[in-house]
Amino acid sequence: MDDKPDPGPLSESSELFSFGVIADIQYADLEDGYNFQGSRRRYYRHSLLHLQGAIEHWNKESSPPCCVLQLGDIIDGYNAQYKASEKSLELVLNTFQMLKVPVHHTWGNHEFYNFSRDYLTNSKLNTRFLEDQIAHRPETMPSESYYAYHFVPFPKFRFILLDAYDMSVLGVDQSSPKFQQCLKILREHNPNTELNSPQGLSEPQFVQFNGGFSQEQLNWLNEVLTFSDRNQEKVVIVSHLPIYPAASDSVCLAWNYRDALAVIWSHECVVCFFAGHTHDGGYSEDPFGVHHVNIEGVIETAPDSQAFGTVHVYPDKMVLKGKGRVPDRIMNYKKEKAFHF
Ligand SMILES: [Zn+2]
């Protein structure tokens with residue numbers, strides 16, 4: 001608490017709006033366990049209480065956040081094994097119903113351990129109904145073949161949700177050509193029998209629990225960012241998988257993170273990129289001034305701590321105020337690009 005950066009009274013007074021972030025709740029009605037390496041405790045039941053605590057916090061803020069971004073892995077893959085996927089999802093979504101502002105759901109690997117893509121598309125985890133459309137710009141409309149959309153929570157600010165499992169062997173119908181194509185890409189980069197193992201890989205992100213972005217989705221992203229540049233907007237991007245190596249363990253990155261970075265770096269408008277999946281969190285500002293923030297996972301957060309944050313948006317920066325394991329971060333906009341209100 002003592003060494004957290006202070007945005008200062010001047011900036012406090014000019015806050016435009018705020019939004020909440022929370023990642024990797026991974027709820028399951030199970031005793032505590034450990035991660036795959038056995039190094040981190042997982043609090044499967046308590047994760048629901050952590051979510052309740054976060055929602056209570058957001059609900060009682062004097063100026064409530066405009067929305068909450070749920071960064072994926074809302075329930076744990078273990079639920080599938082115990083045939084508890086639907087029940088657990090209902091429990092977590094009922095908890096989210098207490099939240100007084102909209103929540104935008106991202107999809108992660110654990111969504112696909114529990115449900116098919118068709119199921120998710122028809123479920124309450126599909127929040128595309130919250131999207132905003134840009135009139136007379138059909139090229140900024142996402143295709144139905146991936147789960148991505150954009151919305152404007154405040155004038156001149158656009159948020160984009162990306163589908164990091166658009167190219168993946170998870171959630172893709174195994175009889176489809178797309179599955180064969182994704183499996184081929186995975187096998188070309190990962191000769192291991194166990195495709196979840198990064199052992200010996202020069203590009204450790206090519207594991208089964210990750211995925212990537214199709215060229216179609218990247219083209220769409222490019223169109224939206226082109227519009228945002230022209231319209232002088234600030235953009236926040238959200239994805240379950242991180243895309244910047246310095247902010248993340250390389251085994252957690254999206255398969256073709258370089259392709260996503262190339263699109264983002266060819267535009268001025270992107271301020272920050274929020275991801276989950278890493279559980280330990282991470283942060284780095286890239287050479288193009290984009291802030292990459294990986295939010296610490298709820299599932300590996302002890303009952304006496306917390307893991308969520310609220311991002312306060314100012315004319316010249318965004319300030320993440322973290323709770324518990326989530327550290328504060330100041331994310332200045334690229335120089336000479338600050339708004340002058
Ligand atoms: Zn994940």
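Author: In this predicted model, Ile-22 stands opposite Gln-70 in E4, and that position belongs to the pairing of strand E1 (residues 17-22) with strand E4 (residues 68-70).

Reader: What makes E1 and E4 a pair, and in which sense do they run?

Author: Two strands count as paired when at least two bridges are found between them, and E1 and E4 are joined over three bridges, in the parallel sense. The two strands belong to an open sheet of six, with the order E5-E4-E1-E12-E13-E14 and mixed pairing.

Reader: Why are strand E5 (103-105) and strand E14 (329-332) said to stand at the edges?

Author: Each of the two has a single partner strand, so one side of E5 and one side of E14 are left without a neighbour in the sheet. Neighbouring strands of this sheet are turned by 20 degrees against each other on average, with direction ignored.

Reader: Which residues of the largest nonpolar core touch the most other members?

Author: The core holds 91 residues, and Ile-22, Val-238 and Phe-274 are the ones that touch the most other members. Strand E9 gives the most to this core, with six residues. Phe-274, leaving aside its neighbours within four places in sequence, is in contact with Val-21, Leu-69, Leu-71, Val-236, Val-238, Val-293 and Ile-295. As a general background, nonpolar side chains tend to be buried together in soluble globular proteins.

Reader: Why is E7 called largely enclosed by the rest of the structure?

Author: A residue is buried if 20 or more other C-beta atoms lie within 10 Å of its own, and five of the five residues of E7 are buried, so the strand is largely enclosed. Both of its faces are covered, with Phe-157, Phe-159 and Leu-161 buried on one side and Arg-158 and Ile-160 buried on the other.

Reader: Which histidine is buried and which is exposed, His-136 or His-277?

Author: Burial requires 20 or more neighbours and exposure 12 or fewer; with 28 C-beta neighbours inside 10 Å, His-277 therefore counts as buried, while His-136, with 6, counts as exposed. His-277 lies in the loop between strand E9 (270-275) and strand E10 (282-285), and His-136 in the loop between helix H6 (117-121) and strand E6 (149-154). His-277 has a positive phi of about 75 degrees although it is not a glycine, and the phi of His-136, likewise not a glycine, is near 60 degrees.

Reader: What makes Gln-215 exposed, and where is Gln-215 placed?

Author: Gln-215 has 11 other C-beta atoms within 10 Å, and the limit for an exposed residue is 12 or fewer, so Gln-215 is exposed. The residue is placed in helix H8 (residues 215-230). Gln-215 and Ser-18 are 197 residues apart in sequence and 32 Å apart in space, taken from C-alpha to C-alpha.

Reader: How do you know that the radius of gyration agrees with that of a compact globule?

Author: For 341 residues a compact globule would have a radius of gyration near 20 Å, and the protein has 19 Å, which agrees. The C-alpha atoms fill a box of roughly 55 × 45 × 35 Å along the principal axes, and buried residues make up 46% of the 341 residues. Among contacts between residues at least 6 apart in sequence, 66% join residues at least 24 apart.

Reader: What does UniProt list for residues 19-279?

Author: The unreviewed UniProt entry lists this span as "domain: Calcineurin-like phosphoesterase". In the model the span is 30% helix and 14% strand, and its end C-alpha atoms lie 20 Å apart.

Key:
Residues numbered from 1 in each chain as written. Predicted model: local features only at pLDDT ≥ 70, side-chain atom pairs only at ≥ 80, totals over all residues. Helix = DSSP H or I, 4+ residues; strand = E, 2+ residues; numbered from the N terminus. UniProt positions renumbered as here; feature names shortened; annotations may be inferred. Axes fitted to C-alpha atoms, helices over the stretch in contact; angles between N-to-C directions. Rg over C-alpha atoms; globule rule 2.2 N^0.38 Å. Contact = placed C-beta atoms within 7 Å. Core = buried A, V, L, I, M, F, W, Y, C linked by C-beta atoms within 7 Å.
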